[in-house]
2 protein chains.
Amino acid sequence: MSKLNKTIARTPEPPYYAVIFTSLLFSEVEGYDDMAIEMNALAAKQAGFLGVETAWDSSVFGITVSYWKDEESILAWKNNADHQWAQKLGKEKWYQSYSLRIAKVERAYGADKKSG
Amino acid sequence: MSKLNKTIARTPEPPYYAVIFTSLLFSEVEGYDDMAIEMNALAAKQAGFLGVETAWDSSVFGITVSYWKDEESILAWKNNADHQWAQKLGKEKWYQSYSLRIAKVERAYGADKKSG
């Protein structure tokens, strides 16, 4: 999944929301990374979107965390995303297992040496 | 980071806590995955530990999400982990940037075709 952005999301001060999506594919899916990029781009256009981070380990195990202003934004995104996913081939068959967790970020710390 | 477990954490019903650690290394660090495995194993022995998920993209960008019963468990783990990190070479020099977010998981969904 080498085409995906390798950046840490610049989120505002908490509180805000995180959607933690962890998935294990049955096998490498051709075009999956293109679709993931497209889905992330679509998320970025959504109201309340704060940022997204994605890491794929050996093309079958991945974690995507997207950040949102509030639960309403997540719900709106979910409805939109479900629709898009359904339009692209049936996602169900790709996943051996997945987990989606919705969490309220209460505290955050970090450092970025590039920006000082 | 091919040695790390590619599994989705089996967590109980929410609420519980998530620690989302996203990091970008300056370059590939020799022995980093061994140390990550060791740190995850250490976390697993900690009171209140519920599970951990780690994905590394091209050995420099990674997301690790660990799950905990409550904030007290996280604090105890943080103190222990900081001590361990300090003992191994100075972690500071590895990271171009990192972000640590503490979040309360409110809802969770998932599916696992292996276990039915």
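This is a predicted model: local features need pLDDT of at least 70, side-chain atom pairs count only at pLDDT 80 or more; totals for chains, interfaces and linings use all residues.
Let's begin with how the chains sit. Take chain B, rotate it by 180° with 0.0 Å of shift along the axis, and it superposes on chain A with an RMSD of 0.0 Å. So the two copies are related as by a two-fold rotation axis. The same surface serves both of them, too: 100% of the contact residues of chain B recur in chain A.

Now, the charged pairs. How many salt bridges turn up over all chains? Eight, when you search the whole structure. I'll go through a few.

Here's one: B:Glu53 and A:Arg101, with the closest N and O atoms 3.1 Å apart. That pair crosses between chains, going from strand β2 of chain B to strand β4, residues 95–112, of chain A. Is A:Arg101 buried or exposed? Buried, because its relative accessible area is 1%. B:Glu53 counts as buried as well, at 1% relative accessibility.

Next, A:Lys6 forms a salt bridge with B:Asp57, at 3.6 Å between the closest N and O atoms. This one also runs between chains, from the segment before β1 in chain A to strand β2, residues 49–57, in chain B. Here A:Lys6 is partly exposed at 21% relative accessibility, while B:Asp57 is buried at 4%.

And then there's A:Asp57 with B:Lys6, meeting at 3.5 Å, N to O. A:Asp57 is buried at 3%, and B:Lys6 is partly exposed at 21%.

Notes: Residues are numbered from 1 along each chain as its sequence is written. Chains are lettered from A and ligands numbered from 1 in the order in which they are written. Side-chain values use heavy atoms; hydrogens and water are left out. Copies are superposed by least squares on the C-alpha atoms of residues with pLDDT of at least 70 in both. Contact means heavy atoms within 4.5 Å. A salt bridge is a side-chain nitrogen of Lys or Arg within 4 Å of a carboxyl oxygen of Asp or Glu. Helices (H or I, at least four residues) and strands (E, at least two) are DSSP runs, numbered from the N terminus. Buried means under 20% relative accessible area, exposed over 50%, partly exposed in between (1.4 Å probe, protein chains only).
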